[in-house]
Amino acid sequence: MSAIAICAAAGSAAVLLPGTAKTQPQGLQVSEFKLANGMEVVVIPDRRTPVVTHMVWYRIGSADETPGKSGLAHFLEHLMFKGTEKNPAGKFSKVVATIGGQENAFTSQDYTAYFQRVTKENLEQVMTFEADRMTGLRLTDEVVLPEREVVIEERRTRTDNDPGAQLAEALSAALYVNHPYGRPIIGWMHEIRQLSRENALDFYKRFYTPNNAVLILAGDIDDKEARELAERIYGKVPRVADIAPRVRPVEPEPRAHRRISLTDQRVQQPSMSRYYLVPSYRTATGNEAEALEILSHVLGGGQTSRLYSALVVEKGIAANAGSWYQGTSLDATRFGVYASPRPGTTLEALEAALDEVIEKVAKNGVEAEEVERVKTRIIASTIFSQDNQTTLARIYGAALTTGLTAGSVKEWPAKVRSVTPADVQAAAKNWLDLRRAVTGYLLRPQQASPEKRT
Amino acid sequence: MPLRQASLRHSFLKGIAMALALFTASSAADAQVGKIERLKTPAGIEVWFVRDDTLPILSINFAFDGGASQDPADRAGLAYMTAAMLDEGAGELNAKQFQERLERRAISLSYNADRDTFRGTVRVLSEHRDEAFELLRLSLNTPRFEQEAIDRIRASILAAYKRSLTNPDEVAGLRWFAQAFPNHPYGRAVKGDEKSISGIERSMLFDYAKKNLARSNLKIAVVGSIESAELARLIDHAFAKLPAKAELAVIPEVKPQSLGRREVVDLNIPQTTITFGGIGLKRKDPDFMPAFVLNHVLGGGSFSSRLYREVREKRGLAYSVYSYLATLDHSGMFMGGTSTRNDRAAEALQIIEEEIVRAQAKSYLTGSYLLHFDTSAKVASQLLEIQLQELGIDYFERRNKMVNAVSAEDVRRAAKRFLADSKLLVIMVGRPAPLSKSNGG
């Protein structure tokens, strides 16, 4: 179940802890400034090794696509490697490979980002290339058409080969009845096939402009050096478009629990998962999002969690069970729960047992000790995250492109600390309501006789 | 805040490739590792240690030689299950109590097994190191292996096994190893299969732990904020009571078999996943570095490798295509793979084979290959790797020079050794159009 694994595994966290006794490190000296053309810059010094992670994030993702053009943001991300007026296709990547650097790019529902990890002396060079492709992209059908085939193969690899991934895609599509988060980031196959060079260039011209971008420099660099380089290199990039506020269609208040199922010969291990529509860090009020974060751990974060204890250990009916919360999101987001049965247990029985656990939390609340344990883990993760400049860069980049600020990243541990057991119970009561949910079953044919091989 | 990984442009190594690729795919060296200290504890245990006080954390990576190749022939998956069981209760603590103790101090402790090693990793805030080493000691020396936990972990491993049956990468990888190493431990699945997993008994877990978790086959690397004397004390606390000597079965040297064979495994998916492999070089081979340089250009981890350009960029045949040198203790392999649409699988394979032939002829040699160590976790992991591969404590300093010293002549010589007749064992999982009948089998 790739989508769930991705969400559940990504347990990294934010930075700078106000006052934890002796473990308190020096603290990160994160600085922020804005260039005259509107580009935002975040500098995260880490002087341990002469390496810098250079990232440019655009506030543009799959949820910003025009209906009917799903996959366009991601397709453009691929095409950004196809060269500019100044630098022919492949030159940038060749330089990165030659200097022993690393590079990649990624697209989500809310952002698209490009990065390189290079030794310090090579930073200026990769910044120059990145600044050039912010507005200088040149595309011909000769490169666009084969790349569209690459994306089609990518979709097959990620989704079409895997019934579990297809169910995850269908769950999101069913959860969002009005908001574009219901579309897969990679796009629907029939729409990917129609994407053209013109579509990509139009999208590029609308959204790739310094006033829609965030530069993150993490590693062996200080604020002064960063300012000088950013102004000299990115400061010259003209503002080529005005960016309107990101207002997407809002979800109506959900009223009906939805059920979907996917039956496929390829399924050897059945499973169930459910998505609830819940507030994100950006849309939540007070410490509601932090409470949901803690709830996701208490309920399904590892072996001591409620779901694991009840379904896997005590009842012995599940092979695994857990939950996750995708808080970093511009608009209303997803809270997921999942479980796989052991042989002899039906999905219906498994779901009933899972509901019992959730109801118990909503009704009776959670123990103070459970909440403390989770807080300790979350807050420790903010220290561990400082060991990795790329992790830090991603935390800040994702925050700043999903409607948050660097300040909110810094305040996050304090807000996590402020969550009480009553807040966690309230989160379960208010948001883990079946009317807000879609439940999905992954089945193989003839589920009635689970021991029979197909 | 937790992030969700979005769609990456390029993901080149997956599944089995990951474990083997450590030293080939992610490589290159940077002298800025900090001073590596070779510590000897009072009990005589050697530890490679880098002191780093930047953050109040400690990363401990250790490994016992042996791993899944020590599994009894009919109990594949024993090492893997033992690894999954060590943190399921130890000493006076049952599984839940043990896990809660870890969580209360935010200690991360995990075990894993691959073909050649049984590994452990600990990450902890410095202030909680005593508790971390105590839990480490308990798990290594007094695991409980309770029947309840065995049944539960077995169910979870079996569920994952069932899922893997329709994961084309896993199917292809397992089949490749089974065909390449028949009648050798490397041919068996590290995680086992339904029959072997079902047959693992409690006494076997104790037996595996007793024979494999010993001081004679142990390597340890530590990076972080701690005094060396204090570290030595803690290392002894956790490891000194282990048996002095491991009882390991001797694993014979082996070369991949079935080369030249192509086999199709039917799976109803829209793509064909291709895994190929042939003779490679072992890590300590003097020609390994030139071979690494050559492979980097052919199909190593960059957006400008030959395979990437020919298969992906020019023809749009695949999202992912790669090759690498896989090094096991008793065998060296040259391996790679891709996933492509069924109706053009034959074409993709042909292009890959042509590129391999061309690589041998051209003996590519370009660029530099820097390794960036920006996290203490990575340094600890690489330090352990260098010990396991017996490359020498000064390897970080020598490595860049060694790469830069590779000459065209070196590359030509290496190419002859591992790409010479470019005979490959190829496994294709899916429904490749022109190859729908297996011509190997």
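**Entry 1: strand S8 of chain B and its neighbours**

I looked up the pairing of S4(B), residues 57–65, with S8(B) and found nine bridges in an antiparallel arrangement. Strands here are DSSP E runs of at least two residues, helices are H or I runs of at least four, and both are numbered from the N terminus. Two strands count as paired if DSSP finds at least two bridges between them. Within this pair, B:Ala63 has B:Arg119 of S8(B) as its bridge partner.

I noted that the model is predicted: local features need pLDDT of at least 70 and side-chain atom pairs count only at pLDDT 80 or more, while totals for chains, interfaces and linings use all residues. Residues are numbered from 1 along each chain as its sequence is written, and chains are lettered from A and ligands numbered from 1 in the order in which they are written.

I then examined S7(B), residues 108–113, which is joined to S8(B) by six bridges and runs antiparallel to it. B:Tyr111 stands opposite B:Gly120 of S8(B), and a hairpin of three residues connects the two strands.

I checked burial along S8(B), residues 117–125: eight of its nine residues are buried. A residue is buried with 20 or more other C-beta atoms within 10 Å of its own, exposed with 12 or fewer, and partly exposed in between, with C-beta atoms placed from the backbone.

**Entry 2: the sheet**

I traced an open sheet of six strands in chain B, ordered S2-S3-S9-S4-S8-S7, with mixed pairing. Its edge strands are S2 (36–40) and S7, each pairing on one side only. The twist from one strand to the next averages 15°; axes are lines fitted to C-alpha atoms, for helices over the stretch in contact, and angles run from 0 to 180 degrees between N-to-C directions.

I also recorded seven bridges between S4(B) and S9(B), residues 218–224, again antiparallel. B:Ile60 has B:Val222 as its bridge partner in S9(B).

**Entry 3: helix H13 of chain B**

I found H13(B), residues 376–388, lying across S2, S3 (46–51), S4, S8 and S9 of chain B, at about 155° to S9(B).

**Entry 4: A:Ala241**

I located A:Ala241 in the chain A loop between helix H9 (223–233) and strand S7 (258–263). A:Ala241 is partly exposed because 15 other C-beta atoms lie within 10 Å. Leaving aside residues up to four places away in sequence, A:Ala241 touches A:Lys205, A:Arg206 and A:Thr209; contact requires C-beta atoms, placed from the backbone, within 7 Å.

Terms used:
Two residues are in contact if their C-beta atoms, placed from the backbone, lie within 7 Å.
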